[in-house]
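Let's take a friendly walk through a protein structure, with its sequence and 3D view at hand. We will look at rings, at the core and at strands.

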Amino acid sequence: MRRLAFFFNHHYWRVVVLVGVLCEAVAAWLASGHTILASIVGGIGASVLATAIVSFAGPSGEEAYQRFLSLGVTNFYSSRNQVPNGDWVRRLCDAKHRCILLGQAHGNWLEDPGFQPALVDRLRNGVHVEMFFLDPGGKAVQLRQQEDSIGIRDTKTRIRKSLRAIWKIRSELEPTLKEQLRIYVYDATPSLGVTWIDSVMLVTHYLAGSSNLTSPALVVEPRPVSDTPYATYDQNVSRIRASSFTHEVTADNIGGYTHEGTDEHTG
């Protein structure tokens, strides 16, 4: 079933199969009074379906599929917009041990009415959550603000708004849960977004001069070898967390990251 889903994630194969099925349906409808035409249409439909079957079962399809699986790539989307809206919070609800969200403003998370209850529920069930925001007063955000939606969206304001929202959620938690929700800001090239739930990552690669919502996305899982996308993204998140350009948001510095007009690094 996984291979079938992988195969039909290519939209053109859905069209090919649909055309084949429609041809066979038309042939069946014509069979009673137009046998010759029915044979022609049925033959076309059979050929189309045969092509899809051979491509699915043949060695080239198998080789590509196995190559992706060996690298731990289990799904992909040409645009992050193609990820069903309900999947984001559902992934969070499935967390058992950890949730790491690396992005820029996390606006879609915090605007989703299901996010806060899901987050609080997971924290109460022992899940450790880390959220990484692009530093609204850093150097990297300057260029991203110009590029994001070709300057239509105010990236700095969106980040500050999100930081205020997540800090409010954290401040309302029981004291024992606050340490399970860690918030960071980083001042580095914002080229990657990661939703990391336990051992599955949904990774988006931001495109220069384009809205984040148009970014391609991959679902990756670990494999018992080192040279996989999952291992690369794991190392990248670890480097960002440990780097000198990343700072944890605390009660002492939250104001410097959330006040409008604050454009100097606060760490």
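The report below goes through these topics one by one.

## Aromatic pairs

Keep in mind that this is a predicted model. Searching the whole structure turns up four aromatic pairs. One of them joins Trp88 and Trp109 in an edge-to-face arrangement, with 6.1 Å from centre to centre and 85° between the planes. This pair links distant parts of the chain: Trp88 sits in helix H5 (residues 85-93) and Trp109 in helix H6 (residues 107-111), 21 residues apart. Trp88 is buried, with a relative accessible area of 17%, and Trp109 is buried too, at 9%. Ring pairs also bring in Phe115, which forms a cluster with Trp88 and Trp109.

Why is the pair of Phe132 and Tyr184 stacked? Their ring centres are 4.7 Å apart and their planes meet at 10°; planes under 30 degrees apart count as stacked, so this pair gets that label. Phe132 belongs to strand S3 (residues 128-134) and Tyr184 to strand S4 (residues 181-186), so the pair ties together parts that are 52 residues apart in sequence. Phe132 has a relative accessible area of 1%, so it is buried. Tyr184 counts as buried as well, at 9% relative accessibility.

## The nonpolar core

Which residues have the most contacts inside the largest nonpolar core? They are Phe115, Leu119, Phe133 and Ile166, in a core of 57 residues. Phe115 is also a member of the ring cluster described above.

Take a closer look at Leu119. Leaving aside residues up to four places away in sequence, Leu119 touches Leu92, Val129, Ile166, Ile169 and Leu181. Ile166 from this list is itself one of the core residues with the most contacts.

Now turn to strand S5 (residues 192-197), where six of six residues are buried. Both faces of S5 are covered: on one side are Leu192, Val194 and Trp196, and on the other are Gly193, Thr195 and Ile197.

With strand S2 (residues 98-102), S5 pairs in the antiparallel sense over four bridges. Here Trp196 of S5 is the bridge partner of Ile100. With strand S6 (residues 200-205), the pairing is again antiparallel, over six bridges. Leu192 stands opposite His205 in S6.

How many residues lie between S5 and S6 in their hairpin? There are two, and Asp198 in the turn has a positive phi of about 55°.

Methods. Residues are numbered from 1 along each chain as its sequence is written. This is a predicted model: local features need pLDDT of at least 70, side-chain atom pairs count only at pLDDT 80 or more; totals for chains, interfaces and linings use all residues. Side-chain values use heavy atoms; hydrogens and water are left out. Rings of Phe, Tyr and Trp (its six-membered ring) pair if their centres lie within 6.5 Å; planes under 30 degrees apart count as stacked, over 60 as edge-to-face and the rest as tilted. Buried means under 20% relative accessible area, exposed over 50%, partly exposed in between (1.4 Å probe, protein chains only). A nonpolar core is a set of buried Ala, Val, Leu, Ile, Met, Phe, Trp, Tyr and Cys residues joined through side-chain atoms within 4.5 Å. Contact means heavy atoms within 4.5 Å. Two strands pair if DSSP finds at least two bridges between them.
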